[in-house]
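Trainee: I am new to this structure. Can we walk through it together, one question at a time?

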Amino acid sequence: MQNSLDPTDVEILRLLQQDATLNNKEIAFEIRKSIATVHERIRKLKEQGYIKRIVAILDRKKIDRSLIAFSHVFLKEHTAETLGEFETEVAKFEEVMECFQMTGAYDFILRIATSDMDAYHLFLRHKLATLPNVSTVQSFFVLSETKSDTAYPL
């Protein structure tokens, strides 16, 4: 954590991570500060990049994205250009929720959300496997979800 965060900033970030629908008045009440102070602090936290965006987290099963796969991708070439091209292209796929470049045996790990195995199969054959530099894809499918949190400890 950067030194520029004081206890008030940390408390605001904790509250917003738990419930981003809280308004400035509710946050001010919780941390015992003025509404104007909270407003200014949140503005600065956004400006400084601590708050990247504010989103609603959906129930993936209710929106027909019940199959989650973690796919390990190995590329044929590893130049800066080919790595960048892969990242650019894979980011365009709506099924790809996250893409991480990794150390180890595989170059990337993708978190992919689809409705079912048939949809995943279509994604793999008609999108991911068509990228020019993909050598190997090894996928693992989620059986159950024990923990899914988006809040970082502060």
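Mentor: Start with a definition. Axes are lines fitted to C-alpha atoms, for helices over the stretch in contact, and angles run from 0 to 180 degrees between N-to-C directions. This is a predicted model: local features need pLDDT of at least 70, side-chain atom pairs count only at pLDDT 80 or more, and totals for chains, interfaces and linings use all residues. Residues are numbered from 1 along each chain as its sequence is written, and side-chain values use heavy atoms, with hydrogens and water left out.

Trainee: At what angle do helix α1 and α3 pack?
Mentor: Helices (H or I, at least four residues) and strands (E, at least two) are DSSP runs, numbered from the N terminus. Helix α1 spans residues 7-18, and its axis lies 11 Å from that of α3. The packing angle is about 80°.

Trainee: Are α1 and α3 roughly parallel or roughly perpendicular?
Mentor: Under 35 degrees counts as roughly parallel, over 145 as roughly antiparallel, 65 to 115 as roughly perpendicular and the rest as oblique. The pair α1 and α3 is therefore roughly perpendicular.

Trainee: Which residues of α3 make the contact with α1?
Mentor: Contact means heavy atoms within 4.5 Å. From α1 come Thr8, Asp9, Ile12, Leu13 and Leu16. On the α3 side are Arg41, Ile42 and Leu45.

Trainee: How do α2 and α3 pack?
Mentor: Helix α2 covers residues 24-31 and helix α3 residues 35-47. Their axes are 8 Å apart, at an angle of about 110°. That makes the two roughly perpendicular.

Trainee: Which residues of α3 meet α2?
Mentor: α2 brings Asn24, Lys25, Ile27, Ala28 and Ile31. Their partners in α3 are Ile35, Val38, His39 and Ile42.

Trainee: Where is Arg32, and is Arg32 buried or exposed?
Mentor: Arg32 sits in the loop between α2 and α3. Its phi is near 60°, a positive value in a residue other than glycine. Buried means under 20% relative accessible area, exposed over 50% and partly exposed in between, with a 1.4 Å probe and protein chains only. At 71% relative accessibility, Arg32 is exposed.

Trainee: What is the relative accessible area of Asp64?
Mentor: Asp64 lies in the loop between α3 and β1. Asp64 is not a glycine, yet its phi is positive, about 60°. Asp64 counts as partly exposed, at 46%.

Trainee: How far apart in space are Ile109 and Glu98?
Mentor: Ile109 lies in strand β3. Not counting residues up to four places away in sequence, Ile109 touches several residues, including Phe70, His72 and Glu98. Ile109 and Glu98 are 11 residues apart in sequence. In space, C-alpha to C-alpha, the distance is 8.1 Å.
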